[in-house]
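Visitor: I am new to looking at protein models, and I would like to be walked through this one step by step. Could we begin with a term that I will need?

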Amino acid sequence: MREIPVDVLIIGAGAAGMGAALGAAREGVQKVIIIEREDRTGGILNQCIHNGFGLHYFREELTGPEYAERIKSLLKDYENVEFKGDQFVKAIDYKNRTVIVVSREGIVLYRPKTLVVTTGARERPMGGILLPGTRPAGIFTAGVAQRWINLENRKPGNRALVIGSGDIGLIMARRLTLEGIKVEAVVEKMPYPGGLERNIRQCLKDYDIPLYLSHTVVEVRGKDRVEEVVIAELDNNFRPIAGTEKVFKVDTLVLSVGLIPQTNLFKDFLRTDPWTKGIVCTSSGRTSMNWIFAAGNCTVIYDLVDWVTEEGEKAGKYAAFYVKNGQEAAKFPLEKGQNVGILFPNYYEEGTNLNIYLRVKKPMDRGIIRIKQRNNLLYNKVHASLMPSEMVNVKIPEPKIGVGDITVEVVEA
Amino acid sequence: MRIGIIGAGAVGALTARELTRYDLEVYIFEKEFDVGMGVTKANSAIIHAGYDDEPGTLRAKFCAKGNEMYSAVAKELDIEFKRIGSLVLAFSDAELRIIEELYKRGLENGVPGLEIWDRDKILAHEPNINQEVLAALWAPTAGIIEPWMIAIAAVENAVENGAKLFLNTEVTDIVIENNKIKRVVTNNGDFEVDVLINAAGLYGDYVSKMAGVETLPIHPRKGEYILLDKEEFGGFVKSVLFPTPSTLGKGTLVTPTIDGGILVGPTAVDLPGERKFREDTSTTIQGFEFLMAKAFKMTPNIDFRSSIKTFAGLRPETPIKDFIVGRTKVNGFFNAIGTRSPGLTAAPAIACFLVEEIQEAMGITFHRRANFNPIRKRIRSYIQMPLEDWDRIIEKDPLAGNIICSCNKVTEREIVEAIKRGARTVDGVKFRTRAMFGSCQGGFCSHKIMKILARELGVDVSDVVLRNEKTKILYGKVRT
């Protein structure tokens, strides 16, 4: 069994992992290795052939594969970065700081000085939403349907219903339509959409696809193949209202019902957030173990891939710092105040800029985002039309920040 | 002598295997695309200790015996079986009296190791049980298993020993001459047989009627289940937790599965006997709510946000709530039906009984084959292997290093081997390898598995099916 020492080992070559490689490589460490389950870099970007990526990071609008290609080309300049595809992490021994990686070429024991976890997210499966009815062929998660259409040139069905109005669900509703698959409707259990406003417009309204808010599936019918899907309206306690059922004759059900940070390999030794299920991080991307960093959707589910790459870059940079000087700064917790549903990172680490990502708990026409450190007001600004589906990014430069716990709240303006 | 068995569920499969010990021609007729895909596939996956069944019933007779046999059966067939023990929880004085009854009944049925535990002992063993528990009946011989694996492994072993398996073969008629079994008519040809065993599960009464033997009617009793992700809830409970039983059955249990997840179920809803209901494995909102309420009562910290799979199974129930096993008025026709719970546990004992019963009823003696091989080996898994050994294997066999299912760490070699052993469908691969059984439920690997199936079966990926020819997953190309 081969052993490979490495300065920075990155697990996952998606938008976050590629960013991490860039961040680490720039700092001039000797060796950065990215290992990836698929045979190529880019991760899920490869199947996201729609545009809308890169407006922040590259200042232009790109498709997923273009975005992936752009970061790959940025990495070409760095000889200290190596990519290895078709690799599978079997286990991580956090005590001995080794990573066992299996591939067709055999088993390799990596001895990394630092580890950057960029494993992304998985889709919540149909069993995750207690979908009632039969379990025939024709039920796909949105990502799987997207993969079949965009990468494998295969059709998942002829008439579809999309469950969940998250961005992937909306984009898939459009994609299916463009490929000649009739999309009857998109169904969302919340009273507001789960995806970005621009996607509601560009993916549903432009194609006359109805969106049923406050509705859920009450029965899937069909023994061998999906034949019908029954939906019903939900009351305020999320219980179906009798008599509101609607039956759709479809052969395909596409589920876009949430992403779950992929942390299975790490949950025995890295702290995860009980609410988001993501890996707990500081503002440098450092996890609960000082030599392990994390970024991207395995830490919190982001709206924009640009942010994912940015966070990856930062985690890679601080991983490289740790390789060089082994230091770790003091950290202070970020606390959720009123109306904050999702908040990331979990800690502020001294010496870094604070890049906060948050989602409000409920839709608000005008809200003041207020960030305080003890009695020191770090940020206090009115934001219009705050939605749980739209992640807000607030950047606070390092010089403004002192010591002490930080509270983030959103109050009605 | 030619012996036909209708149904390749646990009972049929184990009976077929038992018969291949002798110099007989054994045919297995299965109407589905794969073995073990009916009643056997979807149940609590428990090998019961045997204290539930009223003494004098066939259930009592076969359950305790079957439980005892499972150690050897699982060893010979190389399937995972863990005697993790079960606890029947009592939350009131009335329930306490019932578990004391069960204790006595268990002694009468010959169940070993039964104990009544007090609250402290229960909570020391299972800290996640509701603190209000008063007492429990501990049965150390209760165990968990992958029920479909019993059918898969037993059929593999039976075929290895000469049995012939006919899949997609539905018996449509049975020809009797002079009150003796003559022929089985199927959609896949006719078969002359001397003995016919009806292990047709939910269709047992129909098949019996084809042979001119009226039996008690069978109706399906539906049991819904919720499976929780092992990554979130693995180890939540160590043993099988039952509530105190009621007239409707053993109640909703909370149990670990062989794969490490936590299974909650079943419900118990009697459905009418008509044919369409015998295939109604749909789940319901009411069922989910029922299961959650029951599970919260036993284990208040359970969290259904970690569910990854829901399913329902049907139990073949008769009005007498007992098995119908043995000879009939037709010479050579034997029933092994009505195998409701604890049918899975009883299956090996029923198989052995049938071998004796056939000989006795027909006045003949089977001759043992010298070359019967009782050993079947499981598909080799690499994940637990010492790394040096695995590394050496990959050097010669790169597929053993290509992990396809990353949740359960299943390699391409295991998937190819499963196909070699008879998996023709996505479910066939799933149940043989545990690929797609994990947290992502195939989100990351189902396309890879479908491509491997297509390659190995020599078809386009659009022709790969979920569980039978009517369950194509893809509808051809998007763009040609």
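Guide: A crossing of two helices is left-handed if the near helix is turned anticlockwise from the far one by less than a right angle, and right-handed if it is turned clockwise. Please keep in mind that this is a predicted model.

Visitor: In which hand does α11(B) pass α13(B), and at what angle do the axes cross?
Guide: Helix α11 of chain B spans residues 412-420 and helix α13 of chain B spans residues 446-457, and their axes come within 10 Å. Angles of 65 to 115 degrees would count as roughly perpendicular and those under 35 as roughly parallel, and α11(B) and α13(B) are therefore oblique to each other. The crossing is right-handed, and its angle is roughly 45°.

Visitor: Which residues of α11(B) make the contact, and how many residues in the contact are nonpolar?
Guide: On the side of α13(B), the contact includes Ile449(B), Leu453(B) and Arg455(B), while α11(B) contributes Glu412(B), Ile415(B), Val416(B) and Ile419(B). By class, the contact has three charged residues and no polar ones, and the number of nonpolar residues is seven.

Visitor: Turning to chain A, which strands are at the edges of the open sheet?
Guide: The sheet has five strands with parallel pairing, in the order β10-β17-β11-β12-β13. An edge strand pairs on one side only, and in chain A these are β10 (139-141) and β13 (211-212).

Conventions
Residues numbered from 1 in each chain as written. Chains lettered and ligands numbered in written order. Predicted model: local features only at pLDDT ≥ 70, side-chain atom pairs only at ≥ 80, totals over all residues. Heavy atoms only, no water. Axes fitted to C-alpha atoms, helices over the stretch in contact; angles between N-to-C directions. Helix = DSSP H or I, 4+ residues; strand = E, 2+ residues; numbered from the N terminus. Parallel < 35°, antiparallel > 145°, perpendicular 65-115°, else oblique. Contact = heavy atoms within 4.5 Å. Nonpolar A, V, L, I, M, F, W, Y, C, P; charged D, E, K, R; others polar. Pairing = 2+ DSSP bridges.
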